[in-house]
Amino acid sequence: MMITIKSQREIERMREAGKIAAAARSVGRRMLRDGVTTEEINKEIHKFILSCGATPTFLGYGGFPKSACISVNDEVIHGIPGKRLIRNGDIVSIDVGATYKGYVGDCAGTFPVGEVSPEAQELIRITRQSFFEGLRHARAGGRLYDISAAVQQYAESRGCGVVRDYVGHGIGAKMHEDPEVPNYVPPRGDHRANPRLLPGMTLAIEPMINAGGPAVRVLSNKWTVVTVDGSLSAHYENTVLITDGEPEILTIADDI
């Protein structure tokens, strides 16, 4: 495992990339309405990132064909934008990455479209709050799994399933760096490591929480991940800097 400690210059570039990614996420959120297509949202996010002098990190990453991941209802992550129409009552996850001056900002959020069910609204709330429960433990001197345990305990205590097949990650000059950041405490003997947190580490903390069980599967397009039981899923992610004091969210937005 090779965890990079960012210099002040690198941190400043990550702040800039993070601001662009967060603003791009907001562009997508503001477009959510009955009758819009996921591709229309993707195009506006793409244009916005380019207008900021950045590049869409996801486009072409591992062969992904679009600039944003847009996942609807039972889709957990990696939804490919296309002709699908968003409808009132849907919940929509928008996941965005922006690369600026060689550094990456990565963030996601799940948002209601029109009037949604109480269950859907509560799932969104629990998923977002599970991130902030984990964030409380993103402090120098602690351990990575302190974050994982807090996310898992909060979500599961409210009857939700915590996805185990996909995890958060370190981030910096590359979108995926060490360490992996699970949203649960792996069993003893698991391959994931539990490093001590140090100032200058940057992590993408991203709870993926299901209203039903934690099991997921990948669709035939080889990208889109859905819940096995068809239950709703929500996703909330920010890029976070470990400091000497309170953790700093690098992808914060006033409206999310």
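View 1. At 31% relative accessibility, E44 is partly exposed (from 20% to 50% relative accessible area, with buried under 20% and exposed over 50%; 1.4 Å probe, protein chains only). The model is predicted: local features need pLDDT of at least 70 and side-chain atom pairs pLDDT 80 or more, whereas totals for chains, interfaces and linings use all residues. Residues are numbered from 1 along each chain as its sequence is written, and side-chain values use heavy atoms, without hydrogens and water. E44 pairs with K47 in a salt bridge, with the closest N and O atoms 3.1 Å apart (a side-chain nitrogen of Lys or Arg within 4 Å of a carboxyl oxygen of Asp or Glu). The two residues are 3 apart in helix 2, which means a separation of about one helical turn (helices are DSSP runs of H or I, at least four residues, and strands are runs of E, at least two, numbered from the N terminus).

**View 2. The salt bridge between R87 and D34.** The closest N and O atoms of this pair lie 3.4 Å apart.

**View 3. The salt bridge between E75 and R84.** Their side chains meet at 3.1 Å, N to O. E75 is buried at 12% relative accessibility, while R84 is partly exposed at 38%.

**View 4. Backbone features.** Most residues other than glycine have a negative phi, and most peptide bonds are trans. H78, however, has a positive phi of about 65°, and a cis peptide bond joins D178 and P179.
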